Amino acid sequence: MKKLALLGIFAMAACGPSVKRIAMEPPQAQLTSKGASVTIRATPKDEKEQTVPDVQLTWSSSEPAVAAVDANGKVTAMKSGKAVITAKAGEISGTAQVNVSIPMSLTLTPPMLNLMAGQSMQLQKTVKDDNGAAVAGQPVMFNSSDANVAAVDNNGMVRAIGAGSAVITARTASLTATSKVTVAMPTFDKIEIKPKGALKLKVGKSEHLTASAMAGGKEVPGVPLKWTSDKPEVATVNAMGEVQAVKKGKATLSATAGDKTEKVAVTVQ
């Protein structure tokens, strides 16, 4: 009898700890292109939350046409949709949610913009998946064919810089969309620089100039102006009109907008 009891104890010990749950990592996954994959790790746990080794797992997908899974927990995107991935050991199972969103189209609205220099307008991007549903949160990159005409940030905000035409291109994955921008310059008579008159500066000193487009004695807003120096080794000027005296000599600074230019002489002492 004692021998039979000992054999029973040894048999129970040989069975080892039983699986109480299966931990899934990650519990949720997002796949954004056909053929993209993620490997889900399934870890059997006992009642003390200790890992149970050498457990044979069976994997399955609730929607294999959306997300297929192999015997190692590798999930592959097939088409847009949702699937529940299950790892099972006996009667115990763990699940992970997989969302597949495969972008298939990208559009920009409006497809054409007509702006005055200095104006801004937001382009609206729409990404749709292979089911025709909108894809939220899909990153889109923007660029301009001519940033001197129209600049664009990564949110699709277009800013008109100078007269001319430019094409704004949006890209996500292998998809592209475009919007044509035509920029016109506001009408103005001349450019006025303040303070008026020639500048005299000592080496190392600075002076701030302002330039404005004028029409009928009034400032015309929204006209972008460009500052330049014919001798930056003598005096430099930045985009804000900040003049810096570099070394002794003479230089001419110019403020330009469209086909009009106003100049100011600088003497560095």
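Begin by selecting D129, and then show the residues around it: leaving aside its neighbours within four places in sequence, D129 is in contact with S80, S101, I102, P103, M104 and V135. Keep in mind throughout the tour that this is a predicted model. D129 belongs to strand β13, which covers residues 124–129. Is D129 buried or exposed, and what is its nearest side chain of opposite charge? D129 is buried and has no salt bridge, and the nearest side chain of opposite charge is that of K128, 8.9 Å away.

**The salt bridges**

Side chains of opposite charge can pair when their charged atoms come close. How many salt bridges does a search of the whole structure find? The search finds three, and each can be visited in turn.

Select E49 and R21, whose side chains meet in a salt bridge with an N to O distance of 2.8 Å. This pair links distant parts of the chain, 28 residues apart, with E49 in the loop between β4 (41–45) and β5 (58–61) and R21 in strand β1 (residues 21–25). E49 is partly exposed, at a relative accessible area of 40%, and R21 is also partly exposed, at 37%.

Next select E192 and K194, where the side chains meet in a salt bridge of 3.7 Å, taken from N to O. Here E192 is buried, with a relative accessible area of 18%, whereas K194 counts as partly exposed at 46%.

Then move to D259 and K260, which form a salt bridge with their closest N and O atoms 3.4 Å apart. D259 counts as exposed at 69% relative accessibility, while K260 is partly exposed with a relative accessible area of 24%. If you look for aromatic pairs, the structure holds zero of them.

**The nonpolar cores**

F188 is also a way into the largest nonpolar core, which has 23 residues, and those with the most contacts inside it are F188, I193, L209, W227, A235, V243 and L253. Several strands each supply at least two residues of this core, among them β19 (190–194), β22 (210–215) and β28 (260–268). The largest share, four residues, comes from β27.

Colour L209 and look at what surrounds it: not counting residues up to four places away in sequence, L209 touches a set of residues including I193, K194, P195, W227, V243 and L253. For a second, separate core, select I40, L57, W59 and V75, which are included among its 22 residues.

**Points along the backbone**

P195, one of the residues touched by L209, is found in the loop between β19 and β20. A cis peptide bond joins K194 and P195, and its omega is about -5°. Another cis peptide bond runs from E25 to P26, with omega near 0°, and P26 is found in the loop between β1 and β2 (28–31).

Now select D54, in the loop between β4 and β5, where phi is near 55°, a positive value in a residue other than glycine. D54 is exposed, with a relative accessible area of 82%.

Finish at A173, which is found in the loop between β17 (164–172) and β18 (175–184). A173 has a positive phi of about 55° although it is not a glycine, and at 71% relative accessibility A173 counts as exposed.

How values were computed
Residues are numbered from 1 along each chain as its sequence is written. This is a predicted model: local features need pLDDT of at least 70, side-chain atom pairs count only at pLDDT 80 or more; totals for chains, interfaces and linings use all residues. Side-chain values use heavy atoms; hydrogens and water are left out. Rings of Phe, Tyr and Trp (its six-membered ring) pair if their centres lie within 6.5 Å; planes under 30 degrees apart count as stacked, over 60 as edge-to-face and the rest as tilted. A salt bridge is a side-chain nitrogen of Lys or Arg within 4 Å of a carboxyl oxygen of Asp or Glu. Buried means under 20% relative accessible area, exposed over 50%, partly exposed in between (1.4 Å probe, protein chains only). A nonpolar core is a set of buried Ala, Val, Leu, Ile, Met, Phe, Trp, Tyr and Cys residues joined through side-chain atoms within 4.5 Å. Contact means heavy atoms within 4.5 Å. Lys and Arg count as positive and Asp and Glu as negative; His and the chain ends are not counted.
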